[in-house]
Amino acid sequence: MAVAEQKREDLADIELVEAVDETTSTVADIADPLDDTGVFTLARLTKDTLQPSPINPDWILEGNPEAKVRNLSVMSRGWATTDHWSCTAGKFRWHYAWDETVMFLEGEVVITDDEGQVYVGRPGTSLFFPAGSSATWVVPRYIRKIAFNQRPVPAYLHILARGANKVFKVLGLPTMP
């Protein structure tokens, strides 16, 4: 199949999904975009549910950036979260207490790490920030992202898990991933 034909088929599939989303009475009919009453947590990325989440004033370098957030999910025991976040124009330092992987959804941001490396975040761009790192964010107008946050696992727990896996193997039990 030619590349152009495959792209046309992919676009047709996207158009079909968009058409189904507009007419179906399943996910689209949930009143609240966050439903955690079942086994799974269902959340939709809707900007109108974002709540003010001020940036630490000591971190702001220029302008008056206004951040908003909505928590979409919390993993059991609080080890991981998923958040929908946005911010208006400004320049600020951000300090990462947790490992964070982001996917930019809208707008643009220029991020500079502590070594001077520059990263540009645009829709479809993913970026990983390790716990303990810091970065300078410059938001020209607006940025919106989804963030997958995870507490870093202490080294001693990794060692214990490896030891437990060895014991489980010897006993013929299934090992942990």
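Strands, numbered from the N terminus, are DSSP runs of at least two residues marked E, and helices are runs of H or I with at least four residues. The structure described here is a predicted model.

## Overall architecture

The protein chain contains two helices and 11 strands. In sequence order, its elements follow the pattern α-β-β-β-β-β-β-β-β-β-β-β-α. Of the 177 residues in the protein chain, 24% are buried.

## The largest pocket

Strand S6 supplies the largest share of the lining of the largest pocket, namely five residues. The volume of this pocket is about 270 Å³. Its lining comprises 14 residues, and those nearest the centre are Asp83, Trp85, Trp94, Glu100 and Asn149. Two elements, S6 and strand S11 (134-150), each give two or more residues to that lining. Sorted by class, the lining of the largest pocket consists of seven nonpolar, four polar and three charged residues.

## Salt bridges

The structure has five salt bridges.

| Salt bridge | N to O distance |
|---|---|
| Glutamate 106 and lysine 47 | 3.1 Å |
| Arginine 93 and aspartate 114 | 2.9 Å |
| Glutamate 108 and arginine 122 | 2.6 Å |

Glutamate 106 and lysine 47 form a salt bridge in which the closest N and O atoms are 3.1 Å apart. Glutamate 106 belongs to strand S7 (residues 99-107), whereas lysine 47 sits in the loop between strand S2 (42-43) and strand S3 (51-52), so this pair ties together parts that are 59 residues apart in sequence. Glutamate 106 has a relative accessible area of 25% and is therefore partly exposed. Lysine 47 also counts as partly exposed, because its relative accessibility is 41%.

Which side chain meets arginine 93 in a salt bridge? The partner is aspartate 114, at 2.9 Å from N to O. This pair links distant parts of the chain, with arginine 93 in strand S6 (residues 80-95) and aspartate 114 in the loop between strand S8 (109-113) and strand S9 (118-121), 21 residues apart. Aspartate 114 is classed as exposed because its relative accessible area, 55%, lies above the cut-off of 50%.

The side chains of glutamate 108 and arginine 122 meet in a further salt bridge, at 2.6 Å from N to O. Glutamate 108 is placed in the loop between S7 and S8, and arginine 122 in the loop between S9 and strand S10 (126-129), so the pair ties together parts that are 14 residues apart in sequence. Glutamate 108 is partly exposed at 29% relative accessibility, and arginine 122 is partly exposed at 44%. Elsewhere, salt bridges with shared partners join Lys47, Glu106 and Arg144 into one network.

## Contacts across the sequence

Glycine 107 is part of strand S7 and counts as partly exposed, because its relative accessibility is 30%.

A further pair consists of valine 138 and alanine 89, which are 49 residues apart in sequence but have a C-alpha to C-alpha distance of 7.6 Å. Valine 138 is located in strand S11. With a relative accessibility of 33%, valine 138 is partly exposed.

## A nonpolar surface patch

Where does tyrosine 156 lie in the chain? Tyrosine 156 is in helix H2, which spans residues 155-171. Is tyrosine 156 buried or exposed? Tyrosine 156 is exposed, because its relative accessibility of 53% is over the 50% cut-off. Together with Val153, Leu157 and Leu160, Tyr156 forms a nonpolar patch on the surface. The accessible area of these residues together is about 380 Å².

Note on methods. Residues numbered from 1 in each chain as written. Predicted model: local features only at pLDDT ≥ 70, side-chain atom pairs only at ≥ 80, totals over all residues. Heavy atoms only, no water. Patch = residues over 30% accessible without salt bridge, like charges linked within 9 Å, V, L, I, M, F, W, Y side chains within 5 Å. Areas by Shrake-Rupley, 256 points an atom, 1.4 Å probe, with all protein chains shown as cover. Salt bridge = Lys/Arg side-chain N within 4 Å of Asp/Glu carboxyl O. Buried < 20%, exposed > 50% of the residue type's maximum accessible area, 1.4 Å probe, protein only. 1 Å grid on protein atoms, 1.4 Å probe; cavity = no way out; pocket = protein on both sides within 12 Å on 5 of 7 lines; lining within 4 Å. Points joined across faces, edges and corners; volume = space filled by probe spheres on them. Nonpolar A, V, L, I, M, F, W, Y, C, P; charged D, E, K, R; others polar.
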